[in-house]
Amino acid sequence: MLGNEAIVKALLEENVTHLFGFPGGSVMPLYDEFLNHTDNLRHVLVRHEQGAAHAADAYARVTGKAGVCLATSGPGATNLVTGIMTAYMDSSPVIAFGGQVPTGLIGNDAFQETAMMGVTALITKHNFQIRSANKIRSTIKKAFVLALNGRPGPIYIELPKDVQTSEVINEEKDTHIAGFKPKISGHFGQIRKAADLILNSEMPVIIAGGGILWANACNELNQLVEMLNIPVTTTIMGKSCFPEQHPLSLGVLGMHGRKVANYAIANSDLIIAIGCRFNDRITGNLDTFAEKSKVIHIDIDSAEIGKNVPVDLPIVGDAKNVLHRLNAVLAKLAQKKDSIWADKIKRFIKECDCVLDINSNPIDPRMLIFEFNKIIKEQDIVATGVGQQQMFCTHFLKRSRPRTIISSGGAGTMGFGLPAALGAKVAVPNVEVYNFDGDGSFAMTMQELGTLKEENIKVISIIMNNAYLGMVRQWAELFFDKRYSAVHLKRTPDFAKVANAYNLEGYSVSKPNEIVPTLKEACNSDEAVVIDVHVKEEANILPMFATGGNITDMFGDCIHIPGKLF
Ligand SMILES: Cc1ncc(C[n+]2csc(CCOP(=O)(O)OP(=O)(O)O)c2C)c(N)n1
Ligand SMILES: [Mg+2]
């Protein structure tokens, strides 16, 4: 067996069925071997390696399995970097392979040699350079274990060309990873104490982060909420882990979150944070964040505990395991709680539900969401770009099933939307997958329309086209005295014509009543579609609080002011 055969064998042993990549000299032996496996391993040829990494990341986000991508050495590998970093920031288990010059040339500045071990060191959970064909299968096995266990994250594997063509003679069998022992089971004493804190709290709130989704702990979260009537807010990464139509769902919190969520946090006496890392975009000013609340923090990564917010009760462990056991303790101790707080919150949630049916011309972005909500089904998946459109979507679009919205939260990577939607559709082909994008973001990776066309992958792109790098324009308006520096994109290109150039259907929409009929047409199409929706150019996503501000210092229109409510 040669190295290239061993790589494919190892991938098949890990039940990999799809990978996203782009070839080049140093990975040609591996690409050659793919031709022997066209029946059980689908390679999706993207148009830029960044797209491969985002697609693999999205594949992981919607399935919970590892996503796999591949690039050649040098520029191919460096093109993966933004995608790997994006996966790292959002704890996504991506296995990224990069070619490398033959082992004898490493360090010689050979053609297309880049020191990717150094480049990826700080944006991966771990990286490996395979220097012997004997170590291929053991290394790949370890990589999958590392990516998927404990806090998930991306792994980079470097494949020198000669390793792919060498004979496997004495295959390494040992797959033990020294020192890697993620703590799954939370400390029982701490769980007992958490139960006491929860039962003694009058005004608890749960902050549910992406860790709930990665741990598949949505059912356990639901049980906890139903048992004790505790309101739930999510981070952007946690969105969809708890049904947003539920009367106790506060929606997303933070800088562009819902006022009711931020005010509930500020007025709570106990925060139960699960699988979240208290990013600055959700806490605002740390000195005033949750001043009145005790904090229970459940997280699989001990390094997250106390990093940003002081914690009264830490529990290190897997969210599913910890919640399951916490629920069992609570079930024994708890009577259904008197729910003055929950009733109050339910009332505020209703009052905070803005009217989105705003029939304006040009189209108000909220109207676009309102109309989109009429068409999108529960099981459908949305990927977003980055900017205002992302925040309109995460704030206003309600999702109720786990893993049905994916967005670059930690990194805020423009260009994520289209390749992420592509990867999601490959993973879950039987639902409609939407890319809700910005005009700036879409233009960064729109070459993947070629992949969608040629690989027959259907994604519906909805471009919220405001002719601006809207989020930066909004900040310039609000915080730089309207001094607009390099933010106006104008209306170039015509995205419908771009779609046509790829032999795909493209639509331009500029009136509110055209949105739904166009979306319906797109749903009836068999192929990828681009809908360029021209919205009001200078609309802002509000309410918000400023960087470093207090979470309750939200400004901007929102129908009711929860400041009065609490
Ligand atoms: C790769 C990258 N470059 C720059 C930024 C900074 N940035 C954040 S939002 C934004 C504007 C995005 O414009 P667009 O995609 O049109 O979305 P809009 O805000 O208009 O909805 C920019 C430039 C970023 N997040 N990512
Ligand atoms: Mg824009």
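The centres of domain 1 and domain 3 lie 28 Å apart, taken over C-alpha atoms. This is a predicted model, where local features need pLDDT of at least 70, side-chain atom pairs count only at pLDDT 80 or more, and totals for chains, interfaces and linings use all residues. Residues are numbered from 1 along each chain as its sequence is written, while chains are lettered from A and ligands numbered from 1 in the order in which they are written.

The domain assignment lists domain 1 (3-165), domain 2 (188-351) and domain 3 (365-534); such bounds come from an automatic or database domain assignment.

## Where domain 1 meets domain 3

Let's look at the touching side. Here 24 residues of domain 1 are in contact with 25 residues of domain 3 (contact: C-beta atoms, placed from the backbone, within 7 Å). At least two residues of this side of domain 1 come from each of β1 (18-21), β2 (42-45), α3 (49-63) and α4 (75-89). Helices (H or I, at least four residues) and strands (E, at least two) are DSSP runs, numbered from the N terminus. The largest share, 11 residues, belongs to α3.

## The sheet

Now to the strands. An open sheet of 6 strands runs in the order β2-β1-β3-β4-β6-β5, with parallel pairing (strands pair if DSSP finds at least two bridges between them). β2 and β5 (126-129) are at the edges with a single partner strand each, so one side of each has no neighbour in the sheet.

β1 and β2 pair in the parallel sense over 4 bridges, and Leu19 stands opposite His43 in β2.

Notes
Two residues are in contact if their C-beta atoms, placed from the backbone, lie within 7 Å.
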